[in-house]
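Please read the following report alongside the sequence and the three-dimensional coordinates.

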Amino acid sequence: AQNVTVDEIMTAYKQACQKLNCKQIPKLLKQIQEFKDLAPRIDCLDLKGEKLDYKACEALEEIFKRVQFKIVDLEQTSLDEDGASALFDMIEYYESATHLNISFNKHIGTRGWQAAAHMMRKTNCLQYLDARNTPLLDHSAPFVARALRISSSLVVLHLENASLSGRPLMLLATALKMNMNLRELYLADNKLNGLQDSAQLGNLLKFNCYIQILDLRNNHILDSGLAYICEGLNEQRKGLVTLVLWNNQLTHTGMAYLGMTLPHTQSLETLNLGHNPIGNEGVRNLKNGLIGNRSVLRLGLASTKLTCEGAVAVAEFIAESPRLLRLDLRENEIKTGGLMALSLALKVNHSLLRLDLDREPKKESVKSFIETQKALLAEIQNGCKRNFILAKEKEEKEQKLQQSASMPEITVTEPLEEGPAEDSEDGSTTSALEEGEEAGETLTASENGDAEPAEDDDDNRGNVTDSDSDTDEEADAGLETKDLSERPKSPDSADGAATSQLLLSLEKAKDRPPPLRIAEESPSPATSPASTPSQGNERRISVSSPGRGHKIFVVTRVETLPDRATEVTRLREDADATSKPTEPQSPAPSPKPELPAPQANGAVPESAAGSDPKRGDPNDCESAARDTPLPNGLKTDFVRALPEASSDGDGKTGSCAAEHELSCSKNERELEELLLEASQDAGQELL
């Protein structure tokens, strides 16, 4: 209901009670008066212990239709079939509760359970159902089983002391194999036996890997039943986190099964074996399994008939365990020898935070040993305190590390302003070094998974780290992709994307006639920003091409362009001189270069590469020169006359050999011929 007030609820409830001729519940009226914020769910509607007959239940509808609750507590309310079914229908219709307690209602009968099952199946908000001490008998179990098989919301189910042994448990276990939402199942005090019932539970564990807590305390599982449960545990790779087997008449024989199973369980963190006559032999059977296990954090061995001999076996496990957090050894006859072993184990163990032992020392024949026991107990407690302090310090350290890893100073690298050309070489080297360090920090952070890729506000800023780099060499090269003037945006994912950015950035400069000189650096791991001093007006552009790693081009200087006509004529003479077929591929500039983006394999699209020039026609020669790519996937427009001096790194081998020869050549004539050969090779590769 919208915009409802406390007075309206009170009035409606009182009128309903008069109409139905039933008593008002004072406890309920008091709670209604205390309701404050009615818009979200109210914390609790507590009717525990109130006797609710059918009429009292009908009157409650006036409240349920106006407000919703987190917890509706109907424990011990003497519900009969009519009252229970009416209440459950209301709770389902109005989605009144997320947690519902119907425990200690022994007379809700088949119709009550049928309505409860309908509520479990239909409502999307009910997460917790407590039906302790509410018998679920043979004729009611099928309804609940059907609801659990397709239940969409129930997460916690308490069915302690609900007379489940036999057919009801079989129906429930079979249904729960299909259930993917239930996380906690409490089946204590149901007289479950070590044969059929345990077999059903073992079967459930084989198929359901979503249940995290299984509480089987105070049943009759026995060693035979534990064998079935261990079979189920063996099948689980993820799933069960807590297994409670308290008081199930388990002995050393059962511990042998459990010892063989424990090394295979990967999710089990809490194992409670208290109040079982396991004895020293049982703990010995369990020890190797526990040492081989990589998940158990909490172990309950209270009242398991242990003496000093058993305590020594437990101490061996403590000494070996790097992860055990809590161990309960209360109500056992552990005397001086056992305490000594535990104390020594704690000296080498740095994980155990709590070791529960009886506070009072045990009776000894030698009186001085009682004092020794007290001293050992104090020593054990101090060891746990020491571990607790260490754990806290470690946690704080980790939190600080996480905070520092996510700090904006590391994840966001500030763009450096373009330095004037007169800057000294030393200054620019220093800035390059600082920049390299920043990039290194970012790379480390991103490897740790803490650093988010920074979203840049400035259009000229690029992403420094390349998340796709496969090798350290590539990662090193990635650090050098930052240029000191302005950085073009380079996508990380596609191999050829950086090349297309290079082409686009050069296309922007199409109004300026002079071509660019592009020197190629080899991405050797030794090359670092510090070892390559760079002038303030340099620009570095990274180009990745498949199989050849990253290439970093440094734009170093600009030259005037020779007259186009003379260059074409000279190329013709070269072609005649070398007596090769006239298919010149010289890098003649185009007034408006239409630059197709290269594909991921480094080749240009077919529309660019597919044009077959007619021989001898100068215009066609020019278009062919523009359209045919070099082996590294770049258009020949961008190779121009290269610098006289060779680049800093070693030349590339294989397909980059022609480029290496070009950079080393000083004679212009040789340069033209080599360029021609390289271009023809490229043409053949594409064909």
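Predicted model: local features only at pLDDT ≥ 70, side-chain atom pairs only at ≥ 80, totals over all residues.

Residues are numbered from 1 along each chain as its sequence is written, and side-chain values use heavy atoms, with hydrogens and water left out.

An open sheet of 12 strands runs in the order 1-2-3-4-5-6-7-8-9-10-11-12 with parallel pairing. Strand 1 (42–46) and strand 12 (354–356) are its edges, and because each has a single partner strand, one side of each is left without a neighbour in the sheet. On average, and with direction ignored, neighbouring strands of this sheet are turned by 5° against each other. Helices (H or I, at least four residues) and strands (E, at least two) are DSSP runs, numbered from the N terminus, and two strands pair if DSSP finds at least two bridges between them. The angles are taken between axes, which are lines fitted to C-alpha atoms (for helices over the stretch in contact), and run from 0 to 180 degrees between N-to-C directions. Strand 11 (residues 326–328) pairs with strand 12 in the parallel sense over three bridges, and aspartate 328 has aspartate 356, in strand 12, as its bridge partner.

**Serine 96**

Serine 96 is placed in the loop between helix 5 (81–94) and strand 3 (99–101). With a relative accessible area of 0%, serine 96 is buried, where buried means under 20% relative accessible area, exposed over 50% and partly exposed in between (1.4 Å probe, protein chains only). Neighbours within four places in sequence being left aside, serine 96 is in contact with Arg41, Phe64, Gln68, Phe69, Val72, Met90 and Ile91; contact here means heavy atoms within 4.5 Å.

**Salt bridges**

A salt bridge is a side-chain nitrogen of Lys or Arg within 4 Å of a carboxyl oxygen of Asp or Glu, and by this rule the count comes to 20. Three of these pairs are set out in the table.

| Pair | Closest N and O atoms |
|---|---|
| Aspartate 82 and arginine 111 | 2.6 Å |
| Lysine 206 and glutamate 231 | 3.5 Å |

Aspartate 82 forms its salt bridge with arginine 111; aspartate 82 lies in helix 5 and arginine 111 in helix 6 (residues 109–122), so the pair ties together parts that are 29 residues apart in sequence. Both are partly exposed, aspartate 82 with a relative accessible area of 35% and arginine 111 at 42% relative accessibility.

Lysine 206 forms a salt bridge with glutamate 231; since lysine 206 lies in helix 9 (residues 196–207) and glutamate 231 in helix 10 (residues 222–235), this pair ties together parts that are 25 residues apart in sequence. Lysine 206 is partly exposed at 35% relative accessibility, and glutamate 231 is partly exposed with a relative accessible area of 41%.

**Cysteines**

The structure holds zero disulfides, a disulfide being a pair of cysteine sulfur atoms within 2.5 Å. For cysteine 17 the closest cysteine sulfur is that of cysteine 22, at 4.0 Å, which is too far for a bond. For cysteine 57 the closest cysteine sulfur is likewise in cysteine 22, at 9.5 Å and too far for a bond. Cysteine 17 is buried, with a relative accessible area of 2%, and cysteine 57 counts as buried at 0% relative accessibility.

**Aromatic rings**

A search of the whole structure finds three aromatic pairs. Tyrosine 93 and tyrosine 94 form an edge-to-face pair, 5.0 Å centre to centre with 85° between the planes. Rings of Phe, Tyr and Trp (its six-membered ring) pair if their centres lie within 6.5 Å, and planes under 30 degrees apart count as stacked, over 60 as edge-to-face and the rest as tilted. Tyrosine 93 counts as exposed, at 62% relative accessibility. Phe35, Phe64 and Phe69 are linked into a cluster by ring pairs.

**Backbone**

Most residues other than glycine have a negative phi. Asparagine 218, although not a glycine, has a positive phi of about 55°, and lies in the loop between strand 7 (213–215) and helix 10. Serine 303, also not a glycine, has a positive phi of about 50° and lies in the loop between strand 10 (298–300) and helix 13 (308–320). Asparagine 218 counts as partly exposed at 28% relative accessibility, whereas serine 303 is buried, with a relative accessible area of 18%.
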